[in-house]
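Me: Can you walk me through the rings and the core of this one? Keep it short, please.

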Amino acid sequence: MSKRFDIANENELMPMIKEIMGALAKGRFVVCEVKTKSSKSMEQLGYYHGVILPRVQKKFREDGNIYSLAQLNDFFNDLFYFEEQVICGRIVKKVKSKSGATKEEMTEFIDNVIRWCGEQGISIPEPNTFEIGVN
């Protein structure tokens, strides 16, 4: 049996440790392979949370819809940051946590959000042209 764990912080380490301990308790041999990926950057997070989400929130408010930044983040995660799993023969969409996202995954996510914004008429400045709190 093979199981994969994506770990971005110490809190995400415990499920893997429990799985290993359970296998060892059953007398099974465990093979661990460690691969690292570059994690999303603070610049990406700042751009997403400090520029994109507030602009979307502003447009929604102008249209009479009040959503918190957290609700908008959940909305975009549901649209663009999920994986499909087969459970009991049915395909189920499961939103992923961005805590372990790579730079590439975050770039793709942000690009999808910006594309969606463009389709909705929401203008998002390029990452290198914004100042948080000004635009």
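What follows is a quick chat about aromatic rings, charges and the core.

Reply: This is a predicted model, where local features need pLDDT of at least 70, side-chain atom pairs count only at pLDDT 80 or more, and totals for chains, interfaces and linings use all residues. Residues are numbered from 1 along each chain as its sequence is written, and side-chain values use heavy atoms, leaving out hydrogens and water.

Me: How many aromatic pairs are there?

Reply: The count is eight. Rings of Phe, Tyr and Trp (its six-membered ring) pair if their centres lie within 6.5 Å; planes under 30 degrees apart are stacked, over 60 edge-to-face, the rest tilted.

Me: What kind of pair do Phe60 and Trp116 form?

Reply: A tilted one, with 6.3 Å centre to centre and 55° between the planes. Phe60 is in helix α2 (residues 42–62) and Trp116 in helix α4 (residues 103–119), 56 residues apart. Helices here are DSSP runs (H or I, at least four residues), numbered from the N terminus.

Me: Which residues do ring pairs link into a cluster?

Reply: Phe60, Tyr67, Phe75, Phe76, Phe80 and Trp116.

Me: New topic. Which ring does the charged end of Lys96 sit over?

Reply: The ring of Tyr81, 4.4 Å from its centre. The rule wants NZ of Lys or CZ of Arg within 6 Å of the ring centre and within 35 degrees of the ring normal. Lys93 has its charged end over Phe82, 4.7 Å from the ring centre.

Me: And what does Phe109 touch, beyond neighbours within four places in sequence?

Reply: Phe109 is in contact (heavy atoms within 4.5 Å) with Tyr48, Phe76, Asn77, Phe80, Tyr81 and Lys98.

Technical notes: Helix = DSSP H or I, 4+ residues; strand = E, 2+ residues; numbered from the N terminus.
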